[in-house]
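My notes follow, entry by entry.

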Amino acid sequence: MIITMKKDAPESEIQAIIGNLTDMGLKVTVIQGSDYNVFGVVGDTTRVDEKIIAANPHVDHVSRVAAPFKKANRLFHPQDTIVDVGGVKIGGKEKVVIMAGPCSIEGEEPTQAIAKAVKEAGARLLRGGAYKPRTSPYAFQGLGTEGIQCMVKAKEVFGLPIVSELMSENKLAEFEEYVDLIQVGARNMQNFELLNALGKSSKPVLLKRGLSNTMEEWIMAAEYIMAGGNENVIMCERGIRTFEKYTRNTLDLSVIPIIKTKTHLPIVIDPSHATGDSKLVESMSLAAIAAGADGLIIETHNNPKCAWSDGAQCVTPEELKELIEKGRKIAQVIGRDI
Ligand code: PEP
Ligand code: MN
C-alpha cells in the first residue's frame, strides 16, 4: 500500500498514521520528497481500510498494491484448489465437469427422467432449483423441501451428486443434510450474512457472480466464505448486466484466466443464464472449455417449452449430449478431458 501525504502535513499526523500501521504489525518505509511524503506499507494489509486513511485531510491519496483478498489469493496458495463434491473433483488440470438439470425441480418423475438423461449424456452432477429467486412474486417459487427430496431420490437411483440454490440461512441445515454443492445465486452474492453462515459450513459452495459485480467484489465474496473457515469455494460466471439486449446477460469469459491467475479456486461457466437462449448454449460452452473452464452448469429439460422456469435457455438431453461430445474434443486439445 502506498500512502501519499501532503507536504504541509503536521508531523503529529504523520506519526499518528505510522503508529496505527505499525501497531497492526505492518512495516512502514518513509520516502521524503520535495512536494509530498510518501509511505510504502508492507505486510498483511487486508485489514487496513484505505478509505479511513484517505479521509484524513492531510492525506493526498492511498493506493493498494496488494489485492485486498488473502485466502483466495494465488500468491499465498500457488497450487490449484480441487473441490470434492460427493466424489466428483472440480478444479485442477484434468477433467471438465458437466453439471446439468432443470432450472426448477418439477416433481419426482420429471426429475428421475432428467437425471437419467443427463447422466447418459455425460453430466456428472445434477442441478435443480427448489428455492427459486424469481423477479415476480407471482411466478413459480420452487417446490422447496419437496424439490430437494426429488433430487435426493434421483441421486439414490443415478448416483449424481446434487447442486441446488440456497436463498436463506434458515434452510442451511436442510442443505447441509441433503445437498452436495450449495449454490449461492447471483442475487445473493453480496448477502454477507449468508456468506458468513456458509463460512461455517463444511459443504462446498458454488458462488455465482452477481448481476453487476466486479471480479474483485466477487472474489471478496469468496473471501467471506473462506475467512469463515470453508475453503471449498467454486466460482461461477453466469453473465453480467450490460446494455446488450440480444442476450439475457453478457457472458464474460475473460473471468476464466483472470480468476485462475488471481485465485486458486475452480471456475465454472453457466452459459444458460449468461445467454438466456438455448441456441447460444453450445457455442458458449465450447468457448468456455477452450478458455480453461473447470466445469459447466447447463440448464437441461426433456421438454423445454413446458419447463416451469427458464425454458428458453434449456437445452434438451440430446443437445447436451452433442455439446459434451464436441466439448470433449476441445478439452483434449488443451490437455484435459470431460
Ligand atoms: C439458477 O441457477 O437457476 C439461477 C437463478 O441462477 P442465477 O442466480 O445465476 O440467476
Ligand atoms: Mn434458471
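**Entry 1: helices α3 and α4**

I began with handedness: α3 passes α4 in a right-handed crossing. I note here that I am working from a predicted model.

By class, I find six nonpolar, two polar and four charged residues in the contact of α3 with α4.

Next I looked up the geometry. Helix α3 covers residues 108-121 and helix α4 covers residues 145-158. Their axes come within 9 Å and cross at roughly 40°.

Which residues of α3 and α4 meet? On the α3 side I list E108, T111, Q112, A115, K116 and K119. On the α4 side I list C150, M151, K153, A154, V157 and F158.

**Entry 2: helices α3 and α11**

I stayed with α3 and turned to helix α11, which spans residues 317-333. The two pack at an angle of about 20°, and their axes are 8 Å apart. So α3 is roughly parallel to α11. The crossing of α3 past α11 is right-handed.

How do the residues of the contact of α3 with α11 divide by class? I get six nonpolar, no polar and two charged.

I then wrote down the names. From α3 come A117, V118, E120 and A121. They meet P317, L320, K321 and I324 in α11.

**Entry 3: helices α7 and α8**

I moved on to α7 and helix α8, the latter being residues 255-262. Here the packing angle is about 50°, with the axes 12 Å apart. That makes α7 oblique to α8. I looked up the handedness too: α7 passes α8 in a right-handed crossing.

Which residues in α7 meet α8? I find M215, W218 and I219. Their partners in α8 are V255, I258, I259 and K262. By class, the contact of α7 with α8 holds six nonpolar residues, no polar ones and one charged one.

**Entry 4: the largest pocket**

The largest pocket holds about 500 Å³. I see 16 residues in its lining, and the closest to its centre are T46, P68, M220, E223 and A227.

Which elements give two or more residues to this lining? They are α6, residues 192-199, and α7, residues 215-227. Of these, α7 gives the most to the lining, with seven residues.

I sorted the lining of the largest pocket by class. It has six nonpolar, three polar and seven charged residues.

**Entry 5: the second largest pocket**

How much space lies in the second largest pocket? I noted about 280 Å³. Its lining counts 21 residues, and P133, R187, R248, H273 and D310 are the closest to its centre.

I checked where this lining comes from. Strand β9, residues 162-165, supplies the largest share, three residues. By class, I have four nonpolar, eight polar and nine charged residues in the lining of the second largest pocket.

**Entry 6: the cavity**

How many cavities of 30 Å³ or more does a search of the whole structure find? It finds one. The volume of the largest cavity is about 30 Å³.

I listed what lines this cavity: R74, D80, T81, G91, G92, K260, H264, L265, P266 and D294. The lining divides into two nonpolar, four polar and four charged residues. I spotted K260 in this list, and its number falls in the range of α8, residues 255-262.

**Recap**

Key: Residues are numbered from 1 along each chain as its sequence is written. Chains are lettered from A and ligands numbered from 1 in the order in which they are written. This is a predicted model: local features need pLDDT of at least 70, side-chain atom pairs count only at pLDDT 80 or more; totals for chains, interfaces and linings use all residues. Side-chain values use heavy atoms; hydrogens and water are left out. Axes are lines fitted to C-alpha atoms, for helices over the stretch in contact, and angles run from 0 to 180 degrees between N-to-C directions. Helices (H or I, at least four residues) and strands (E, at least two) are DSSP runs, numbered from the N terminus. A crossing is left-handed if the near helix is turned anticlockwise from the far one by less than a right angle, and right-handed if clockwise. Contact means heavy atoms within 4.5 Å. Ala, Val, Leu, Ile, Met, Phe, Trp, Tyr, Cys and Pro count as nonpolar, Asp, Glu, Lys and Arg as charged, and the others, Gly among them, as polar. On a 1 Å grid over the protein atoms alone, a cavity is a set of points where a 1.4 Å probe fits but cannot get out, and a pocket is an open set with protein on both sides within 12 Å along at least five of seven lines; lining residues have an atom within 4 Å of a point. Grid points are joined across faces, edges and corners, and a volume is the space filled by probe spheres set on the points. Angles under 35 degrees count as roughly parallel, over 145 as roughly antiparallel, 65 to 115 as roughly perpendicular and the rest as oblique.
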